Amino acid sequence: MIKGRFTLPGETGMEKEIKELAKLWGVDAIRDSDGTKLSQDLIDMGLTVYSVLCLVRDDNEWVKKNPDCLQQIYLLTEEHTAYGTELAIDIMSTFFDQQFKPNTDDDIKKYWQVMDRTAGEETKDWDWDGKNVIIHNAKPFHSYTVAFLAYQIWEPVSMYNHITNNWQTEHELTVDPRSEKAREHLLKRLDKWLLDHPKTDVVRFTTFFYCFDLIYNQYGKEKTVNWFGYAACVSPKALSDFEKEYGYSLCAEDIVAGGTYNTPFKNPTKKYLDWMEFNCKFVSEFARQCVEAVHKAGRKAIMFLGDHWAGTEPYGKYFQNIGLDMVVGAAGDGVTTRMITDIPVKETEARFYPYFFPDIFCEGGDPVGESMPVWIKCRRAMLRRPAARMGYGGYISLALKFPEFIDHVTEITRQFKSIHEEGKGTKPYTAPFKVAVLNSWGHIKSWQTHQVAHSLWNQRCYSYLGAVEALSGFPFDVEFISFEDVKAGKLKEYGVVLNMGDAMTSWSGGENWNDPELVCAIRQWVYEGGGFIGIGEPTAYNKDGRLFALSDVLGVQKEIGITASHNKPALTPNKEHFITEDICGAIDYGEGMSMIYSTGAELLDEENRSANLCVNEYGKGRAVYIAGLPYSNQNARLLLRAIYYSAHSEQELYKYYSSNPALECHAFEEAGKLCVVNNSETPQEGEISINGKKRTISLGSMGCEWLNI
């Protein structure tokens with residue numbers, strides 16, 4: 001194996017085995033991780049040494065001496081109903097007391113907030129007895145919540161790892177760098193750390209200062225996991241600094257947002273966007289100081305996109321000020337791969353799943369079965385925008401117990417490196433029009449739509465995330481735009497726009513669709529030749545009993561019960577259409593939709609009289625409606641054809657084309673190469689078309705072959 005582009009997790013006691021793997025996989029870098037250390041023999045192996053550093057933890061003694069610098073978070077209780085005029089709420093009853101402790105050191109009347117949820121108003125008639133908030137003069141049968149500041153007395157990522165791996169060590173605390181004394185201490189600690197690690201070539205910050213929202217319940221189980229949250233950036237000083245900078249104050253409710261904690265599924269308020277910007281500016285400024293210290297010591301500085309990443313929005317306007325040499329992130333599919341590799345930074349590194357953890361690498365475990373679908377999806381995205389490097393995480397001793405997995409990673413490594421060797425760093429063939437994904441967040445949440453971590457309700461998102469997954473490997477330049485971008489005239493840059501999601505979410509748009517300027521701008525753009533694709537409940541806003549604001553463009557509407565007395569046309573699906581030419585059998589719409597009826601669209605597929613797939617001509621433009629689109633090879637092909645159809649570019653589809661949806665073509669014209677991949681776990685055969693010339697190709701499970709164009 002050619003040496004390079006591979007970072008291997010090290011582990012003391014595995015020196016001989018790691019040396020053999022380094023040769024087998026062409027490893028050129030080794031790293032430690034949370035829970036592992038590198039022995040001197042590993043450090044002296046001649047590989048580039050990565051060392052993990054989370055500045056704000058592993059510093060318990062200092063935090064204990066400076067308790068005012070302990071990180072905090074805003075928490076919200078469950079709703080409690082008053083049955084009389086007094087109500088006692090045990091604020092910690094549904095939170096993990098090993099993770100949180102209420103902050104009663106600062107003025108609780110100033111920083112805590114009691115809400116009458118039934119009336120939608122704050123009540124200030126309450127007291128605290130050391131355990132309960134006692135609400136006086138409560139209104140019977142109204143429900144109440146308490147939002148309160150809490151110290152984080154167990155760093156959440158370390159806590160997660162402790163619980164997952166059954167570690168028996170002291171609970172780690174975290175430093176809040178908001179105060180000047182905390183920042184001075186952390187910079188001194190960084191300088192000492194650099195002196196104590198003379199053989200470290202690359203400092204891998206994990207990530208910087210504030211963790212995403214990871215909140216455990218009273219049983220020590222995950223209650224809320226918001227990868228994109230900012231609730232843990234809060235403190236009295238942060239709130240005070242915010243007020244000085246922005247000219248108004250934030251309250252607890254602005255952060256907890258009724259218990260949603262401002263999930264990205266919720267349309268962001270102006271206050272929350274200001275809060276994000278405020279933290280991004282602070283984090284980028286202090287992170288830059290840390291990176292400059294690393295560079296001054298002659299080392300490289302990289303960031304892990306995860307854990308304490310709040311404030312380092314990689315597509316935000318302050319990120320590049322940090323000056324990082326590289327970003328590394330966990331790649332579990334094509335979407336997360338593109339979220340990493342599209343970041344405007346010198347280099348990126350993808351750490352593939354599964355982690356070498358005992359939940360997978362155990363008796364009865366199937367790490368190859370876990371890895372194969374991950375790599376297949378990641379590879380599609382890599383063929384559009386490759387990471388410079390690859391790697392894994394966890395304990396190599398566990399992986400070595402599965403020799404078939406070692407062989408499997410050998411093949412992944414070969415394929416990964418071939419993208420660089422065969423593609424020669426050139427851009428793959430790209431269609432002559434751009435595709436935009438339209439939602440409330442736009443560019444700042446590029447490749448972050450519909451993502452839910454660690455939730456049993458992930459399935460709800462798959463019907464939409466599948467479309468984004470498909471886009472991650474398509475031959476299009478894909479951009480994420482906001483409704484403000486539309487009103488600013490940016491639509492003219494795109495051939496096709498997608499809008500998808502549940503009604504009233506940020507991804508569909510919610511109240512944005514009550515804006516006449518927005519609605520008219522998209523109507524005009526489609527009428528003059530643009531392509532519009534809606535999935536699920538696009539353009540949804542309940543107005544005059546109708547849900548889809550652009551029902552005239554889409555040619556469909558959703559019955560929400562108010563116009564049930566209106567007869568709906570019963571149409572027979574037209575099975576012969578460009579979009580459905582490659583479809584074999586039934587189409588999987590996931591959870592799909594119901595009560596979707598045509599208002600003029602041509603019906604291509606339906607179930608129980610509800611339209612699942614429709615096309616509509618609108619002036620010179622075209623629109624497509626799809627009820628849902630979980631990821632599969634067949635659904636990816638359906639969306640691909642829908643995009644080319646919407647753009648009036650049907651023939652462009654066949655430039656590099658496979659008759660079998662499981663086989664996908666990626667052309668690197670400047671390098672004179674075509675990569676054909678099998679996006680399935682079974683052998684596949686199909687006819688490949690290269691600029692009109694055809695040949696038959698067969699590929700094994702997860703196969704990959706490079707052809708000359």
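Helices (H or I, at least four residues) and strands (E, at least two) are DSSP runs, numbered from the N terminus. By that definition the protein has 18 helices and 36 strands. Its radius of gyration, taken over C-alpha atoms, is 27 Å, close to the 27 Å that the globule rule (2.2 Å times the number of residues to the power 0.38) gives for 709 residues, so the protein is as compact as a globular protein of that length. This is a predicted model, in which local features need pLDDT of at least 70 and side-chain atom pairs count only at pLDDT 80 or more, while totals for chains, interfaces and linings use all residues. Residues are numbered from 1 along each chain as its sequence is written, and side-chain values use heavy atoms, with hydrogens and water left out.

**Overall build**

- Taken along the principal axes, the C-alpha atoms fill a box of roughly 70 × 70 × 45 Å.
- Of the 709 residues, 63% are buried, where buried means under 20% relative accessible area, exposed over 50%, and partly exposed in between (1.4 Å probe, protein chains only).
- Among contacts (heavy atoms within 4.5 Å) with a separation of 6 or more, 73% join residues 24 or more positions apart.
- The accessible surface comes to about 28,100 Å², and 49% of it belongs to carbon and sulfur atoms; accessible areas come from the Shrake-Rupley method with a 1.4 Å probe, and for residues only the protein chains shown count as cover.
- There are 74 positive and 97 negative side chains, and the centres of the two sets lie 5 Å apart.
- In that count Lys and Arg are positive and Asp and Glu negative, with His and the chain ends not counted; the place of a charge is NZ of Lys, CZ of Arg, CG of Asp or CD of Glu.

**Helix H1**

- H1 spans residues 15-25, and its buried residues are Glu15, Ile18, Leu21, Ala22 and Trp25.
- These residues cover an arc of only 120° around the axis, which puts them on the same side of H1; the arc is that of the directions from the helix axis to the C-beta atoms.
- The face turned away from the buried side carries the exposed residues Lys16, Lys19 and Lys23.
- Cover for the buried residues of H1 includes strands S1 (6-9) and S2 (29-31), together with helices H2 (40-43), H12 (396-399) and H13 (403-423).

- The buried residues of H5 are Pro156, Val157, Ser158, Met159, Asn161, His162 and Asn165.
- Strands S12 (143-152) and S14 (213-216) are included in what covers them.
- Glu170 lies in the loop between H5 (156-165) and H6 (180-196), and counts as partly exposed at 47% relative accessibility.
- Leaving out residues up to four places away in sequence, Glu170 touches Asn60, Lys64 and His162.
- Glu170 and Cys251 are 81 residues apart in sequence, and their C-alpha atoms are 34 Å apart in space.

**Phe209**

- Phe209 is found in the loop between strand S13 (202-206) and S14, and is buried with a relative accessible area of 1%.
- Neighbours within four places aside, Phe209 is in contact with Val56, Gln71, Pro177, Val283, Phe286, Ala287, Cys290 and His308.
- Met390 is 181 residues from Phe209 along the chain, with 25 Å between the two C-alpha atoms.

**The end of H13**

- Glu422 is in helix H13 and is partly exposed, with a relative accessible area of 25%.
- Residues up to four places away not counted, Glu422 touches Ala671, Lys673 and Trp706.
- Glu422 and Arg178 are 244 residues apart in sequence and 48 Å apart in space, C-alpha to C-alpha.
- Lys424 is in the loop between H13 and strand S20 (435-438); this residue counts as exposed at 58% relative accessibility.
- Phi of Lys424 is near 55°, a positive value in a residue other than glycine.

**Other backbone features**

- Asp58, in the loop between strand S3 (48-53) and helix H3 (60-65), also is a residue other than glycine with a positive phi, near 60°.
- Asp58 counts as partly exposed at 48% relative accessibility.
- Tyr353 and Pro354 are joined by a cis peptide bond, with omega about 0°.
- Pro354 is placed in the loop between strand S18 (347-352) and helix H11 (367-382).
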